[in-house]
Amino acid sequence: MAIFFKDGCFKLDTKNTTYSIKIADYGYVMHGYYGKTISDIDVGYVYPAVKRSYVASVKEDWDMMFRINDAPQEYSAFGGADFRTTALRIKQADGSRAADLRYFSHEIIDGAVEVEGLPHATENGCENIKTLKIILKDAATDVFVNMYYTVFEETDVIARFNEIINKGEESIFVEKAASLQLDMQCSDYDFITLAGAWAKERHIKRRPLSVGTQGHSVHCGTTSHQFSTFFALCDKNADENVGDAFGFHLVYSGNHKTEIEVEQFGNARILTGINDEGFSWEIKQNDKFTTPEAFMTFSGEGLGQMSRNLHEFIIRHIFRPKWHNVRRPLLINNWEATYFDFNYEKLVSLAETAGKLGIELLVMDDGWFGKREDDRTSLGDWVVNTEKLPGGLERLAKGVNEKGVKFGIWMEPEMISEDSDLYRAHPDWAIAVPGREKTIGRNQYVLDIVRDEVKQYVIDAVSCVLAGANIEYLKWDMNRYLTEVYSLSLSKDNQGEYFHRYVLSLYQILDAIITKFPDLLIEHCSGGGGRFDTGMLYYSPQIWTSDDTDAHERIEIQRGTSLGFPITCMGSHVSAVPNHQTGRVTPLDTRENVAYSGTFGYELDITALTDDERAAIAEQCAFYKENYNLINNGDYYRLLHIPGEFSSWCFASKDKKEILLFCVQLQSGANDGNKFVKIPAADKNLRYEEAETNQTYFGDTLNNIGICIPYEFGERTSFSRHFKAEK
Ligand code: GLA
């Protein structure tokens with residue numbers, strides 16, 4: 001059993017972790033502990049028990065030992081005696097912003113609970129999943145908070161979300177509602193975020209927590225290129241293999257905010273959820289507001305195990321079951337091969353060459369519709385350009401399929417170009433504040449999908465394209481942020497709901513498309529990796545990681561992304577040299593060795609390569625297919641990494657009998673020494689043979705000495721090694 005309750009205490013156990021909660025004095029629901037498995041159910045002794053002056057705004061008759069201002073709580077509210085940044089802020093019916101949440105009741109539910117209207121973790125056939133629901137009530141009003149904790153025992157993950165319910169007669173407005181609060185009685189941790197910019201997404205940034213509030217917030221309407229919805233905390237000496245590490249994800253694709261406040265006594269409060277900046281949500285009588293889900297894991301074995309817990313969890317509980325353990329097609333995308341300059345003949349010739357090399361899917365990117373010869377026109381006019389593609393999509397899909405290759409297509413359904421028939425017919429469908437100039441981004445505006453008729457147009461337009469030909473794959477792009485948000489469908493008091501309503505509408509659209517086309521594989525994309533989050537992974541098991549396809553730079557991007565996301569969701573392609581983003585020239589085998597760690601594919605004109613290059617590509621395709629299971633379903637380990645100089649990583653089968661290692665030397669110095677790559681993934685009781693050299697090693701030798709990388713001249717050289725346990 002994963003959830004225990006005794007004498008007002010809850011103990012939530014996963015395979016290797018415990019999370020403790022206690023209903024304490026005055027009905028406050030307090031946090032006790034989160035970390036490695038412990039045996040006690042009641043850990044109430046951890047609550048602060050020192051007398052302090054000038055801190056506690058407690059009521060006169062209260063025990064001075066109990067102060068809500070430094071008590072670790074499960075869900076804190078603004079407006080009372082807790083002066084830290086709080087999880088919930090409500091504008092009550094009387095205009096006050098006070099709330100005081102106390103225990104009301106609880107229930108233990110079998111299985112996971114649906115987060116209405118939002119992507120969320122599901123059971124997907126796994127047993128031993130239980131949910132604890134604790135209901136809190138405001139001491140003075142009929143506002144209730146349902147807190148849900150779903151315990152995924154096998155994957156060491158706890159998922160959480162909250163519902164705010166108004167049972168009072170008049171409307172209240174939620175101004176802030178975090179998805180997850182975790183109050184830790186310690187702040188001696190490093191804080192890790194994945195930060196970046198367009199073409200520089202998700203680089204690992206690690207810094208010690210320090211007094212005050214630290215974190216990040218995003219208000220561009222999407223997840224953003226700048227900050228991820230994933231973050232972590234870890235011991236200061238934690239590395240890939242040792243130390244405590246906590247990983248957190250918000251299952252959401254819009255404005256988000258993560259705050260970690262280290263307060264006066266050294267405690268840390270962690271909050272993550274929808275960004276409250278500009279947010280306000282009306283809850284009418286008997287109605288509710290549901291926060292997005294967040295989930296967290298704990299590893300006592302460093303960041304590597306933290307990532308592996310999250311990888312396994314996302315694959316098993318966030319991806320739709322349809323995409324569990326299914327080999328997805330090896331693809332070629334024509335974007336960097338042709339940009340807008342293509343026609344029927346070009347695409348079919350790409351498909352023909354692709355088919356011969358073992359590539360299984362051709363994705364036709366931007367430029368196939370309306371009058372789109374560049375990025376200034378036609379978004380919203382999802383009608384094929386028959387000058388480029390005579391016979392339309394049906395003929396093209398047929399032509400591609402005849403070469404033994406599947407056909408996929410690019411769309412950017414949330415957008416509208418000023419120069420489009422759609423805009424000429426419905427200029428008011430673009431998001432805008434009446435009377436205010438609209439900001440343009442990549443020459444386009446965003447459709448107001450909060451309006452029902454616009455949302456329906458998008459569903460119909462996408463459905464019509466997909467139904468018109470044998471399209472097995474959709475690259476769903478989104479190439480600008482939201483500005484001047486406002487909807488004619490919302491009253492002036494409800495405009496603060498806009499950003500969240502946009503995300504809810506997007507999810508409704510994706511749900512509708514998936515319901516109509518259950519076999520369609522969707523790859524998400526947003527100017528590369530601008531909406532790379534577990535919300536989108538619920539609808540599409542792969543996301544284009546970055547518009548930067550340079551193998552050298554991809555190493556940091558993919559390594560950073562791997563901290564929170566499984567390899568099997570990261571779009572990564574071999575592209576042309578000199579690279580289009582950096583001008584760098586990287587050998588083909590290194591481009592391939594880097595791109596293998598993701599949804600492998602190509603993004604270059606394979607018809608223009610030499611015969612030798614094409615022969616190499618055919619071998620690469622065969623290699624990837626042969627090792628698909630190991631790469632996509634195996635355990636991933638980040639290994640020796642010297643930024644800008646050397647990087648290595650490996651995949652191990654679940655039984656550890658097979659290990660696939662990749663090493664890239666980015667640059668060499670004169671007269672350098674040898675390097676040793678230790679492989680913690682090896683089982684110390686097994687003896688392995690390295691397929692390429694026939695050298696054998698015991699697992700503990702690989703764990704402790706590792707393999708030797710001899711000093712060698714050269715930049716951006718690389719190799720892979722395959723270790724198999726002897727029978
Ligand atoms: C974005 C995507 C690219 C490509 C272009 C097409 O930049 O990230 O992969 O699809 O749009 O315009």
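Predicted model: local features only at pLDDT ≥ 70, side-chain atom pairs only at ≥ 80, totals over all residues.

Visitor: How many helices and strands does the protein have?

Guide: The protein has 13 helices and 38 strands. Helices (H or I, at least four residues) and strands (E, at least two) are DSSP runs numbered from the N terminus.

Visitor: What are its dimensions along the principal axes?

Guide: The C-alpha trace spans about 85 × 70 × 45 Å. A compact globule of 727 residues would have a radius of gyration near 27 Å, and the protein agrees because its value is 27 Å. That radius is taken over C-alpha atoms, and the globule rule is 2.2 Å times the number of residues to the power 0.38.

Visitor: What share of the residues is buried?

Guide: Buried residues make up 62% of the 727 residues. Buried means under 20% relative accessible area, exposed means over 50%, and partly exposed lies in between (1.4 Å probe, protein chains only).

Visitor: Now the helix. What span should α7 have?

Guide: Helix α7 covers residues 498-516, and its 19 residues should span 27 Å at 1.5 Å a residue; the end C-alpha atoms are 27 Å apart, so the two values agree. The expected span is 1.5 Å times one less than the number of residues.

Visitor: Which residues of α7 are buried?

Guide: Among them are Tyr498, His500, Tyr502, Leu510 and Ile514.

Visitor: On to the ligand. How many residues surround it?

Guide: The ligand is surrounded by 13 residues, and the closest are Asp365, Asp366, Arg442, Lys475 and Asp547. A residue is near a molecule if one of its heavy atoms lies within 4 Å of it.

Visitor: Which classes do they belong to?

Guide: The shell has 4 nonpolar, 3 polar and 6 charged residues. Ala, Val, Leu, Ile, Met, Phe, Trp, Tyr, Cys and Pro count as nonpolar, Asp, Glu, Lys and Arg as charged, and the others, Gly among them, as polar.

Visitor: How far are ligand oxygen atoms from the side chains of Asp365, Asp366 and Arg442?

Guide: An oxygen atom of the ligand lies 2.7 Å from an N or O atom in the side chain of Asp365. The corresponding distance is 2.6 Å for Asp366 and 2.9 Å for Arg442. Taken alone, the ligand exposes 300 Å², of which the protein buries 96%. Such areas come from the Shrake-Rupley method with a 1.4 Å probe; for residues, only the protein chains shown count as cover.

Visitor: Is Pro434 buried or exposed?

Guide: Pro434 counts as exposed because its relative accessibility is 52%. Pro434 is in the loop between α5 (421-425) and β25 (444-446). Its C-alpha atom is separated by 28 Å from that of Leu510, 76 residues apart along the chain.

Visitor: Where is Pro578?

Guide: Pro578 is in the loop between β29 (570-575) and α10 (588-595). The peptide bond from Val577 to Pro578 is cis, with omega near -10°.

Visitor: Lastly, what is the phi of Asn128?

Guide: Asn128 has a positive phi of about 60°, although it is not a glycine. Asn128 lies in the loop between β6 (101-110) and β7 (129-138), and counts as partly exposed because its relative accessibility is 44%.

Note on methods: Residues numbered from 1 in each chain as written. Heavy atoms only, no water. Polar contact = N/O pair within 3.5 Å; in protein donor to acceptor, adjacent residues only side chain to side chain.
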